[in-house]
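Welcome, and please open your viewer. Let's take a short walk through this protein, one selection at a time.

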Amino acid sequence: MGCFSCFFHRRAHPPKGFPQFEDELSDVQNLKLYSYKELRMATDDFSPANKIGEGGFGPVYWGRLKHGKYAAIKVLSAESKQGAREFLTEIKVIYEIEHENLAKLRGCCVEGDHRILVYDYIENNSLAQTLLGNGHSSIQFSWRTRTKICIGVAKGLAYLHEEVRPHIVHRDIKASNILLDKDLTAKISDFGLAKLLPANMTHVSTRVAGTIGYLAPEYAIRGQLTRKADVYSFGVLLIEIVSGRCNTNSLLPLEDQFILERTWDLYERNKLVELVDTSMHGDFDAEEACKYLKIGLLCTQDISKLRPMMSTVVKMLSGQKEIDEHKITKPGLISDFMDLKIRSNPNKTASANHDPKKNTDTSISSGSDNAEHSLASSNSTTPSTMRFTDAWDQTP
Ligand SMILES: Nc1ncnc2c1ncn2[C@@H]1O[C@H](COP(=O)(O)OP(=O)(O)O)[C@@H](O)[C@H]1O
Ligand SMILES: [Mg+2]
């Protein structure tokens, strides 16, 4: 079995078992190709007990690799399958991207029909489960920890947008794609994955990936995808991190359901500090927290050109650059375009079993393509879905 998982070196001989990929892999160093058998063993035959989550691309399993290293093993679903050569070409691009705030791809499996990605396992789960989850996390998110996470995510995104050539638009910045390592350093996951979808699968390759509350209106409605769509999503995430609440929550009174609307309202009334997470018991720098919320508003402005580049955001967050308050204009809200307000069901308002601050999101799914522009309300266990099948990719 050992012969299947070989390291590749520049101009190395083709690895035993994979001579057919000699051309694709000739200029990649150390990308590991795993055999299906090896990954099956690592995950106890992809046992449900090892499953740690499932997103738009398919299930993710925790696994223990041969040398004892822990991995997150992402099995791409049937609809994400593309030819082995095409797949490896994209994998190479993702593999070569390295940054402290980006989750590292270790290798993949391209045996037969299988398309599987192997990442370093990141110990402390995602922000969705810890900060915005239902209170099962033991992590204390102090103000310092939050600023470190925000700056880390901003740096990782600035790297994808401004350092990597050609630049990468993430498309799916959201709390569940922000993983935390043992030191609570933020690692952005899933960058570059949109490119793994086969181009001929129009309903897949043109769909909008993501969760509705994070989506820039111009992307969700018109499919205009630029780096500024990521900046918008980052702005929403930033406000979530400062407030400790999910961007959409149908359990709250109507005027509070959408965090951006609430933030804008408080900003106009000069009461932004009311949004800061009460679980810090007042132990935070109020001026800085309000500055972070204002940066969130700068990032989510309706006119995408007005949103700052991510490198500017890094400077503003870390205090190297002042923010110009007069520049803040109203956020873009999908609900302004379509009647997406999730009407509260009076029987469903915050109950004792639910923390009204926590996650009750509404997501755009990656499923079949027969329902255009449909949305229903959701709760935390059964998120409803919305599909935009007429959106198109305009990655510049
Ligand atoms: N590298 C990783 N380390 C640890 N956990 C991970 C890793 N990648 C993904 N996960 C977990 O698997 C879950 C599912 O991931 P994914 O398929 O990307 O879907 P989504 O991002 O929509 O939640 C994530 O929410 C996260 O909890
Ligand atoms: Mg993910």
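A residue is called buried if 20 or more other C-beta atoms lie within 10 Å of its own, exposed if 12 or fewer do, and partly exposed in between, with C-beta atoms placed from the backbone. By that rule, 44% of the 396 residues of the protein chain count as buried. You are looking at a predicted model, where local features need pLDDT of at least 70, side-chain atom pairs count only at pLDDT 80 or more, and totals for chains, interfaces and linings use all residues. Residues are numbered from 1 along each chain as its sequence is written, while chains are lettered from A and ligands numbered from 1 in the order in which they are written.

Select residues 51–55, strand S2, and residues 58–64, strand S3: they pair in the antiparallel sense over four bridges. (Strands pair if DSSP finds at least two bridges between them.) A hairpin of two residues links S2 to S3, and Glu54 has Pro59 as its bridge partner in S3.

In the five residues between S3 and S4, find Gly68, with its positive phi near 90°.

Last stop: Ile188, in strand S8 (residues 186–188). Is Ile188 buried or exposed? Ile188 is buried, because 23 other C-beta atoms lie within 10 Å.
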